[in-house]
Amino acid sequence: MVVWRELLVAMRRRSDVATALLFFVVVSSLFPLGVGAEPNKLRAIAPGVIWVAALLSSMLSLARLFAADHADGTLEQMVLGAAPLGVIAAAKAFAHWLVSGLPLVAIAPLLALQYDLERELYGVLALSLLLGTPVLSLVGGIGAALTLGVRGGGVLLALLVLPLYVPVLVMGAGSVEMASAGLGGQGQLLILGAMLIAAAAFAPWATAAALRISSE
Amino acid sequence: MLEARNLECERGGRRLFQGMTFSVGSGETLRVAGPNGSGKTSLLRILCGLLTPSAGEVRWNGARIQALKEEFARHVLYLGHAPAVKDELTGAENLRVACALAGLSPSAQQARDALARLGVPGDKPVRQLSQGQRRRAALARLSVSWQAPLWLLDEPFTALDAAAAELTRSLLGEHAQRGGSVVYSTHQDAGLRDSRVLEL
């Protein structure tokens, strides 16, 4: 029900969704323009740049994850709701991922084209994003809940959450680099999968605890 | 039966109230009165468990509400200052979401009746409605929440016209007659037959 509601709200505010996606496209398109069109150089930086752009784009929509619900009082109803708050937090993170993570996975191969990435790596890149972006939504949810109602919350959120994103970035970009070196990125992808499982198990409850604190 | 024992509340280093003890039984209506800033909202938030009192405890049917958790949530309807209505959704969608969150499942007909009774257009996004109509959309929850025995309402009469205020009064009256308990706050007398008035 919460997922259905989130998607409905997102549908009626399509511009927000489009902004995050366009941001991803623009940021990752700026690098070939800035660095120059030397194919080898571009191929080398491609995984890192696309992953950093994905992190930032996911950050962008994070601030609104709970802020609107906090402002209009829906959050209080969620805290007081009949369903455990952790389940609601998980549903919200899932909806956030559907709206802001999944489109990135779909569009990333298109951007990889700009970097002349080898065809075989598209699958690894998409898979690493598929495993990594839900972790961003889940972990970001904790930060969004903690900075709720804090002045200058947006900047604080970035400072709080970006360091936590580092392992995901290292493993995500690393998997593509390893695969391009012919070593296969399975190791990194498995670690990303493990991170996803750990985040899915613990992050919603941490988010719930943070939401309880900030709704006092 | 809702019991408050020795409640004390401190906000921003200022003590709002202390040693507050009262109980609300079934069929009773308690009005919380007092000027702005006297702690009416804080008291209601403590009663529903959103806020932890600096001392004292709240019990529902003998058990502490912190221990009951979601079990208590199913017995309570809390309507805060913010209407908890999403601008992007229509009146009907808002009601459905609110009921789902509260664990209620009214039939489609009951939901339509609730909206019709309060005169909220069910098919328009709430964004297009006036402040008073938004408030009515929030109050529509009252008429489908008969399963929740305890109603905690924070200023339910603000931004309502005479007709809507009368309707709210009759909803509260019906609930008390059904054997429910109501605690509501207001700074002026709302014309309800209150069992008790708590002056802050």
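Predicted model: local features only at pLDDT ≥ 70, side-chain atom pairs only at ≥ 80, totals over all residues.
In chain B, B:Cys9 stands opposite B:Phe17, a residue of strand β2(B).

**The antiparallel sheet of chain B**

Strands β1(B) and β2(B) run antiparallel and are joined by seven bridges. They form a hairpin with two residues between the strands, and in this hairpin B:Gly12 takes a positive phi near 55°. On pairing with β4(B), strand β1(B) is again antiparallel, here over five bridges, and B:Arg5 has B:Glu57 in β4(B) as its bridge partner. Strand β4(B), which covers residues 55–60, is in turn joined to β5(B) by two bridges, the two strands running antiparallel; in this pair B:Trp60 stands opposite B:Ala63 of β5(B).

Taken together, these strands make an open sheet of four in the order β2-β1-β4-β5 of chain B, with antiparallel pairing. Its edge strands are β2 (14–24) and β5 (63–64) of chain B, each of which pairs on one side only. Helix α1 of chain B, residues 40–48, lies across β1 (2–11), β2 and β4 of chain B, and runs at about 130° to β1(B).

**The parallel sheet of chain B**

An open sheet of five strands, with parallel pairing, has the order β6-β7-β8-β3-β9 in chain B. Strands β6 and β9 (196–199) of chain B stand at its edges, and because each has a single partner strand, one side of each is left without a neighbour in the sheet. From one strand to the next, the twist averages 15°. Strand β3(B), residues 29–33, runs parallel to β9(B) and is joined to β9(B) by four bridges, with B:Ala33 standing opposite B:Glu199 of β9(B).

| Strand pair | Sense | Bridges | A residue pair |
|---|---|---|---|
| β1(B) and β2(B) | antiparallel | seven | B:Cys9 and B:Phe17 |
| β1(B) and β4(B) | antiparallel | five | B:Arg5 and B:Glu57 |
| β4(B) and β5(B) | antiparallel | two | B:Trp60 and B:Ala63 |
| β3(B) and β9(B) | parallel | four | B:Ala33 and B:Glu199 |

**The contact between the chains**

Between the two chains, 24 residues of chain B are in contact with 19 residues of chain A. On the side of chain B that touches chain A, at least two residues each are supplied by α3 (70–73), β6 (76–79) and α4 (91–102) of chain B. Helix α4(B) gives the most to this side, with six residues. By class, the side of chain B that touches chain A has 16 nonpolar, three polar and five charged residues.

**The nonpolar core and the helices of chain A**

The largest nonpolar core has 123 residues, and those with the most contacts inside it are A:Ile50, A:Leu211, B:Leu47, B:Val76, B:Leu152 and B:Val183. Helix α8 of chain A, residues 119–146, gives the most to this core, with 13 residues. When residues up to four places away in sequence are not counted, A:Ile50 touches A:Ser28, A:Ala108, A:Leu111, A:Ala112 and A:Leu125.

A:Leu211 also takes part in a contact between helices, where A:Leu85, A:Gly86, A:Ala89, A:Ala90 and A:Ala93 of α6(A) meet A:Pro204, A:Trp205, A:Thr207, A:Ala208, A:Leu211 and A:Arg212 of α10(A). The residues of this contact divide into eight nonpolar, two polar and one charged. The axes of α6 (residues 85–100) and α10 (residues 186–214) of chain A come within 8 Å and cross at roughly 110°, which makes α6(A) roughly perpendicular to α10(A).

Between A:Pro163 and A:Ile45, which are 118 residues apart in sequence, the separation from C-alpha to C-alpha is 21 Å.

Conventions. Residues numbered from 1 in each chain as written. Chains lettered and ligands numbered in written order. Axes fitted to C-alpha atoms, helices over the stretch in contact; angles between N-to-C directions. Parallel < 35°, antiparallel > 145°, perpendicular 65-115°, else oblique. Contact = placed C-beta atoms within 7 Å. Nonpolar A, V, L, I, M, F, W, Y, C, P; charged D, E, K, R; others polar. Core = buried A, V, L, I, M, F, W, Y, C linked by C-beta atoms within 7 Å. Buried ≥ 20, exposed ≤ 12 C-beta atoms within 10 Å, placed from the backbone. Pairing = 2+ DSSP bridges.
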